[in-house]
Amino acid sequence: MFGHRTRPSLSTLNPRRICLIKPSALGDIVQTLPVLAALRLRWPDAHITWIVKECFADLLQDHPQLDEVVTFQDTFKGSAFVPELLRLARVLHRRPYDLAIDLQGLLRSGLMALASGAPRRVGFSCGRECSTWCYTDVVDIPPTDMPVTSRYWKVVSALGGTPLVPPAALGLQPMHRQWALQQVRGLPRPLLVIHPGAGWATKRWPARHFARLAALASHHFGAGIVLVGGPEYREEGGYIAAACLGPVVDLTGRTTLRELAAVLELADVVLSGDSGPMHLAAAVGTRVVSVFTCTNVVRHAPYGQEHRVVATQVPCAASHKKICPHPHMICMEELTPQRVWPTLSQALNEACADWAAAKPAMAG
């Protein structure tokens, strides 16, 4: 950490320009949205910039609480590291910032905080890759497991922000919601949206398990099924669609991030592994049922009491290993569709009850 002079408390700051650094991944960006809301509540007149990977920038466009989005290329590594950092520094130095907040905690994000020119740079005590040397103020994070949102709120609290976590906001436009409505038009309720992908192979529950639950939802509830995910999950989407017994729409590889958010917003229930779309569904207020294999439920469960997690019970659960030492990833067989179905069934029952209660109001 550079410098050791006594500084005014973070809670007394009144910054005019704030640089929020959370470049990736999708789920982490979504979980940072309440932080943005808290910063806007704390300093309503401040200019707030968010530094993000170019591939995630669409999610932040037109955001009502954000003034500027600064992107960088995904090739921010290897020989491209220094040129891209210098380019980013030139962009940021056009109008230097008063406060930089690094919620990523890696060397590259720490260097972004330095590049912002902010005299106060805030980060986590548990920052990796020597990133803490880039900060003027380190927020202590206990070594115990804690939800990501709680970790972020340590920073919000240090800045004198609200103790209550405000709802996440998105810059969804009418065209996004209209597009989503067109895609699901004619599908029966309840509407079950399934995201079969995940960033790691060890988090990716088999497509055949998702297909089995889709079939059960169609049979027992007459549910309409929508499949979502990036282009890399088209094979899984096609497999599940082919196995569905009822009406299904396969949108894998066909949505922007905000179109995805609009589809998730229309859903009655979202079924997913530990993934960015899981957190995005929770952010737009949709019930989530998630399956967890190699990641920690305490840290990474979707935020909110209305969501449910079914986790594997194998000894190596929550190991956070991207490559499994077991040749057949035993968690994928132990965490069966039969174990998940009671939880998904309960969520679908609640969705049906909501629709039944809403009908008289809509008729009136």
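Author: Glu 334 forms a salt bridge with Arg 339, and their closest N and O atoms are 2.7 Å apart; the term means that a side-chain nitrogen of Lys or Arg lies within 4 Å of a carboxyl oxygen of Asp or Glu. Before going further, note that this is a predicted model, in which local features need pLDDT of at least 70 and side-chain atom pairs count only at pLDDT 80 or more, while totals for chains, interfaces and linings use all residues. Residues are numbered from 1 along each chain as its sequence is written, and side-chain values use heavy atoms, with hydrogens and water left out.

Glu 334 counts as partly exposed at 22% relative accessibility, and Arg 339 is also partly exposed, with a relative accessible area of 27%. Here buried means under 20% relative accessible area, exposed over 50%, and partly exposed in between, using a 1.4 Å probe and protein chains only.

The structure holds 15 salt bridges, and another of them joins the side chains of Arg 287 and Asp 354, at 2.4 Å from N to O. Because Arg 287 lies in strand β11 (residues 287-292) and Asp 354 in helix α12 (residues 337-363), this pair ties together parts that are 67 residues apart in sequence. Helices (H or I, at least four residues) and strands (E, at least two) are DSSP runs, numbered from the N terminus. Arg 287 is buried, with a relative accessible area of 17%, whereas Asp 354 is partly exposed at 42%. Arg 287 and Asp 354 also belong to a network of salt bridges, in which they are linked with Arg 308 and Glu 350.

A further salt bridge connects Asp 67 with Arg 40, with 2.8 Å between the closest N and O atoms. The pair links distant parts of the chain, 27 residues apart, since Asp 67 is in the loop between β2 (47-53) and β3 (68-72) and Arg 40 is in helix α1 (residues 26-42). Asp 67 is partly exposed, at 43% relative accessible area, while Arg 40 is buried, at 16%.

Leaving aside residues up to four places away in sequence, Lys 203 touches several residues, including Asp 274, Thr 293 and Met 332, where contact means heavy atoms within 4.5 Å.
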